[in-house]
Structure formats: C-alpha cells, structure tokens
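Here is my note on the strand pairing in this model. Please read it with the structure open.

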Amino acid sequence: MIRERERVLAIRQLPKETLCERPEHAAFPGSLPLSVPSTVYWPGTGQEIHVQEMTKQEAEPFLKHRMRDCGVFDMGRLSVPLVLRAWQAGDRIHPRGMGGKSKKLQDFFTDSKLTREERTRIPLLASPEGILWVVGQREDERFVARKNTSRSLVATEQSQGECEGAE
C-alpha cells in the first residue's frame with residue numbers, strides 16, 4: 001500500500017518471471033556518466049535519453065518546435081562531464097519561462113503535483129555548472145540555446161514500455 005496525497009494505492013507484486021530487467025542497469029543508479037554523443041537507459045522511468053552535439057543549423061528544427069521530450073542547450077555555457085542522476089535534497093533550477101528566477105527542485109516537483117516516489121524516479125541531466133534539464137519536464141534557463149548559440153547540445157528522451165527493448 002502506498003499513500004499519495006489524498007489517495008491510497010494498492011500495488012500487487014508481479015511474479016519474478018514477468019519482470020523485465022536490463023542487465024547493465026539492474027540496480028537503480030545514483031548517476032550515469034554521459035559522453036557526447038551517447039544514449040543511456042534510465043531504469044527509474046524506463047526512458048532512453050540521447051545526447052548529441054549539433055551545429056546551429058542542425059539544431060534549428062529542435063529550437064523551432066520545443067517539446068517536453070527535448071532539451072536544447074548552449075555548449076558554450078556548460079562543460080563536461082555530463083551525468084544523468086536522481087534528485088537530491090537542496091537541488092535548484094532556474095526553470096525556463098520564469099524570468100531567470102531560481103527555484104528549489106523540491107518546490108518545482110510540488111508545484112507539478114509529483115509524489116515523492118515519482119520525484120525519485122525522474123532523471124536530471126546535469127553538468128558541473130548545474131542541472132540542465134529535469135528530463136521530460138523543464139530546461140534550466142541559464143543553459144538553453146539562444147539565437148547566438150553556435151554549438152548546441154541536443155538531449156531527447158523517449159519513453160519505453162516496461163519490457164520494450166529488454167532482451
């Protein structure tokens with residue numbers, strides 16, 4: 001049984017033979033290093049996150065049609081190593097569209113009506129300078145690509161079914 005806000009959920013455990021696992025990420029990781037380009041699987045949500053560097057022209061379609069499943073960042077505003085990691089107490093973000101104001105990630109999740117359990121599963125794309133993207137939710141204003149950006153980091157996420165792609 002799990003209590004979430006005003007409701008209680010009853011969850012039944014599936015038999016072991018019906019569970020899907022990816023051997024390389026069977027345990028929930030604290031963080032996954034990302035090289036550019038690369039594609040990684042995030043076990044908490046079943047998402048595949050792909051990152052690649054693009055020129056201004058190559059990134060143009062992603063900039064014109066911004067979607068929640070894609071983040072476009074200015075390579076000149078960040079450095080490597082990039083990591084995909086889980087939320088930690090004290091994390092802050094400058095959500096795109098909030099005029100550069102900083103917000104605790106905990107408050108961002110609360111405003112988005114995400115439960116504590118959901119918060120722990122959502123991946124964060126981060127560089128040494130800070131969190132770039134709450135994957136599938138919001139980009140950090142400090143790092144987003146702008147009109148004068150010449151090199152972009154394009155990050156996309158694709159949700160997978162629980163067993164899709166498992167071997």
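1. **Basis.** This is a predicted model, with local features needing pLDDT of at least 70, side-chain atom pairs counted only at pLDDT 80 or more, and totals for chains, interfaces and linings using all residues. Numbering starts from 1 along each chain as its sequence is written, and side-chain values use heavy atoms, without hydrogens and water.

2. **Sheet.** Five strands make an open sheet. Its order is β3-β7-β10-β11-β12, and the pairing is antiparallel. The edges are β3 (31-34) and β12 (138-139), each pairing on one side only. Strands here are DSSP runs of E, at least two residues, numbered from the N terminus. Two strands pair if DSSP finds at least two bridges between them.

3. **β10 to β11.** Strand β10 spans residues 124-127 and runs antiparallel to β11, with 4 bridges joining them. Leu124 has Val134 of β11 as its bridge partner. The two strands form a hairpin, with 2 residues between them.

4. **β11 to β12.** Strand β11 covers residues 130-134. Its antiparallel link to β12 has 2 bridges. Trp133 is bridged to Glu139, and Val134 stands opposite Arg138.

5. **Cover.** Is β11 mostly covered or mostly open? Mostly covered: 5 of its 5 residues are buried (under 20% relative accessible area, 1.4 Å probe, protein chains only).

Conventions: Buried < 20%, exposed > 50% of the residue type's maximum accessible area, 1.4 Å probe, protein only.
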